[in-house]
Amino acid sequence: MRLDKFLADTTDLTRSLAKKALHREEVSVDGQVTKNPATQVDADSEVHWLGQRLSLVGLRYLMLNKPAGVECSARQGLYPLVRDLIELPNVERLQTVGRLDVDTTGLVLLSDDGQWSHRVTSPKRRCGKVYRVSLSEPLEGAALVEAQRDFAEGILLDGEDKPTRPAELLMRTSCDAELTLYEGKYHQVKRMFAAIGNHVEALHRESVGPLTLGELAPGEWRELTREEIAAF
Ligand code: URA
């Protein structure tokens with residue numbers, strides 16, 4: 001298929017706007033910027049427009065407000081799956097971008113674009129994830145200062161060979177914390193608070209990078225905008 005048709009089929013550009021985008025050198029095919037609308041591409045070609053991967057098989061990017069009692073896993077187990085909340089064709093192609101525990105609520109991203117998912121989760125990209133944490137024990141005074149320093153410097157969790165990456169801890173009230181992580185180890189928030197002698201009673205992810213849930217109610221999902229996809 002011609003590249004200008006590919007662009008018109010996979011974006012909201014008309015064929016003539018697609019040609020203009022090509023002329024402005026906004027499009028690359030398999031890593032090479034191309035201005036030629038007649039370039040032949042197929043479903044295996046890696047076409048990017050303004051940094052966004054385009055695909056004929058329809059790469060999809062969603063955010064969902066995960067309720068408690070729903071699992072991020074791909075396999076049916078004890079709990080309903082995040083995918084069961086999404087009525088879309090071929091929903092099994094969507095993977096969660098990182099995982100939240102079954103009892104954790106909040107922002108989950110899903111996509112079938114593996115490269116994009118890697119960009120969101122790779123610690124090297126320093127994409128901050130903000131968690132709201134309800135603690136069983138108040139954290140204040142000298143213990144809070146020590147916890148903030150330990151989390152900022154990194155702590156060695158049981159069974160790990162490297163300390164956690166620097167994380168930021170703020171308290172909204174003495175039992176209500178806001179923790180920003182730049183990585184995603186297994187049960188990380190719960191293990192970090194356990195390591196300082198506290199216990200997480202409830203956990204909610206408020207944001208991933210620049211994305212927040214906004215008006216999205218628990219169990220609801222929406223597609224990301226082009227700007228949101230390109231923000232990672
Ligand atoms: N850390 C946890 O402990 N649980 C989550 O679901 C996410 C981060």
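Tutor: This is a predicted model. The axes of helix α1 (residues 3–10) and helix α2 (residues 15–23) come within 8 Å of each other and cross at roughly 115 degrees.

Student: Why is α1 called roughly perpendicular to α2?

Tutor: Angles of 65 to 115 degrees count as roughly perpendicular. The crossing angle is roughly 115 degrees, and therefore α1 is roughly perpendicular to α2. The crossing of the two helices is right-handed.

Student: Which residues of α1 and α2 meet?

Tutor: From α1, Leu 3, Asp 4, Lys 5, Leu 7 and Ala 8 meet Arg 15, Ala 18, Lys 19 and Leu 22 of α2. By class, this contact has five nonpolar residues, four charged residues and no polar ones.

Student: How do you know whether Asn 65 is buried or exposed?

Tutor: Buried means under 20% relative accessible area. Asn 65 has a value of 6%, so Asn 65 is buried. Asn 65 is found in strand β5 (residues 61–66). Beyond its neighbours within four places in sequence, Asn 65 is in contact with residues including Gly 106, His 204, Leu 213 and Glu 220.

Student: What makes up the largest nonpolar core?

Tutor: The largest nonpolar core has 30 residues, and Val 133, Leu 169, Leu 179, Val 189 and Phe 193 are those with the most contacts inside it. Elements that give two or more residues to this core include β5, β8 (129–135) and α5 (188–195). Leaving aside neighbours within four places in sequence, Val 133 is in contact with Leu 179, Val 189 and Phe 193, among others. Another core, of 15 residues, lies apart from the largest one, and includes Val 97 and Leu 211.

Key
Residues are numbered from 1 along each chain as its sequence is written. This is a predicted model: local features need pLDDT of at least 70, side-chain atom pairs count only at pLDDT 80 or more; totals for chains, interfaces and linings use all residues. Side-chain values use heavy atoms; hydrogens and water are left out. Axes are lines fitted to C-alpha atoms, for helices over the stretch in contact, and angles run from 0 to 180 degrees between N-to-C directions. Helices (H or I, at least four residues) and strands (E, at least two) are DSSP runs, numbered from the N terminus. Angles under 35 degrees count as roughly parallel, over 145 as roughly antiparallel, 65 to 115 as roughly perpendicular and the rest as oblique. A crossing is left-handed if the near helix is turned anticlockwise from the far one by less than a right angle, and right-handed if clockwise. Contact means heavy atoms within 4.5 Å. Ala, Val, Leu, Ile, Met, Phe, Trp, Tyr, Cys and Pro count as nonpolar, Asp, Glu, Lys and Arg as charged, and the others, Gly among them, as polar. Buried means under 20% relative accessible area, exposed over 50%, partly exposed in between (1.4 Å probe, protein chains only). A nonpolar core is a set of buried Ala, Val, Leu, Ile, Met, Phe, Trp, Tyr and Cys residues joined through side-chain atoms within 4.5 Å.
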